[in-house]
Amino acid sequence: MTRVLSCIQPTGDVHLGNYLGALRNWVGGQHEADVFHGIVDLHALTVTSAPGVVGAATIDLAAWLFAVGLDPDVATVFVQSHVPEHAQLSWVMECTVSFGELSRMTQYKDKAAKREGDFISAGLFTYPALMAADIVLYDADEVPVGEDQRQHVEITRDIAIRFNSRFGDTFVIPVAVMPKAGARVMDLQDPTSKMSKSAATDAGLVLLADEPAAIMKKFKRAVTDSDNEVRYDRESKPGVSNLLDVLSACTGETPAVLAESYTQYGPLKSDAGEAVVALLQPVQARYRELMADPGELAALLHKGADKAGVVAKTTLARAYDHLGLVPR
Ligand code: TYM
């Protein structure tokens, strides 16, 4: 059976880009493959310095993951820091990737540029090594991610191939899998940037927890252009194309076909907003139920960590063995 792994950081509120680009596909895939999904709290430490913040976000994210439909009896949903092998294998990955390769990561360059003058942790730079460890620990064949993570999966492949050629066949070489619709949801106020928790304002960021009225307001105020022509063209019409992409991800119809049914921007904005509200309503109801039962959430995460730990231990032991480290 195909092994699938993908993870998400607990760095604040979960947004529509996470949902359409990742979470929804995780749920769709859980009955077709053996799936592992991590809440990667150690990754979130790269940009966090206050106590308790990551922990609270971890619980919140766990509730969203089960609310969107991950079934704890089918999918292995776990917290990264509950499985110590992630940090252990990460060091091995750091020693298998070069400084130059890490320097070319666009996400590092973007994040470091945004933090100019601020504290830039070494972890922000070595982050792809930890991500590579997350992936290869589970012998993942496929890694479903949004477009923004493609480069990180590519470097994981490079690291795993290099390790295998130096130390013998150890890791499965993974491939990135992108969803057909929703792989790149853009900010509604700045449609040339991906929707992200680190945007300058929240006006273009649709959170899964947003009330219907707030979602409608954000869509109605979405930035478009001044030609008044509904056409799917990501290059020259990024705002309109993003609305068509979102509507497409919600309805299953292609953006080009959807474009033919609109002559004005107003109705496109409200239809996209309404489609998102309808998609999120049942998810929000389940999220509220789960957040009201922290004991149940903790038990589900415990079960996930136990299942993940079994696989992770085996892979780390194999890697240490192939490296030729002396067993204790
Ligand atoms: P993160 O936490 O930023 O995002 C989680 C998932 O959401 C996708 N995503 C988007 N998709 C479409 N449009 C957007 N605007 C958008 N924003 C985010 C991301 O592509 C991702 O699939 N480094 C990863 C976390 C990670 C990971 C891993 C992922 C750590 N280890 C191992 C896969 C496998 C990250 O920061 O994702």
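Okay, let's start with how the chain is divided: the domain assignment, which comes from an automatic or database source, gives domain 1 (3-182 + 294-323) and domain 2 (202-288). Before I go on, this is a predicted model, where local features need pLDDT of at least 70, side-chain atom pairs count only at pLDDT 80 or more, and totals for chains, interfaces and linings use all residues. Residues are numbered from 1 along each chain as its sequence is written, and side-chain values use heavy atoms, with hydrogens and water left out.

So, how do the two domains sit together? Taken over C-alpha atoms, the centres of domain 1 and domain 2 are 29 Å apart. Domain 1 brings 14 residues to the contact and domain 2 brings 17, where contact means heavy atoms within 4.5 Å.

The size of an interface is often given as the accessible area lost when the parts come together. Here, domain 1 and domain 2 bury about 1,400 Å² between them, with 75% of that from carbon and sulfur atoms; buried area is accessible area (1.4 Å probe) lost on putting two parts together, summed over both. On the domain 1 side, keep an eye on Leu 16, Trp 64 and Ala 67: they supply 41% of the area domain 1 buries against domain 2, more than any other three residues.

What about salt bridges across this interface? The rule (a side-chain nitrogen of Lys or Arg within 4 Å of a carboxyl oxygen of Asp or Glu) finds zero between domain 1 and domain 2. The whole structure, though, holds 13 salt bridges. One of them joins Lys 237 to Asp 225, with the closest N and O atoms 3.1 Å apart.

Now back to Trp 64. There are seven aromatic pairs in the structure, meaning rings of Phe, Tyr and Trp (its six-membered ring) with centres within 6.5 Å; planes under 30 degrees apart are stacked, over 60 edge-to-face, and the rest tilted. Trp 64 and Tyr 287 make a stacked one, at 3.8 Å centre to centre and 10 degrees between the planes. Trp 64 is in helix 3 and Tyr 287 in helix 12 (residues 265-291), so this pair ties together parts 223 residues apart in sequence. Helices here are DSSP runs (H or I, at least four residues), numbered from the N terminus.

Last thing, backbone angles. Most residues other than glycine have a negative phi. Asp 139 has a positive phi of about 50 degrees, and Asn 228 has a positive one near 55 degrees. Asn 228 is in the loop between helix 9 and helix 10. Thanks, everyone!

Notes. Helix = DSSP H or I, 4+ residues; strand = E, 2+ residues; numbered from the N terminus.
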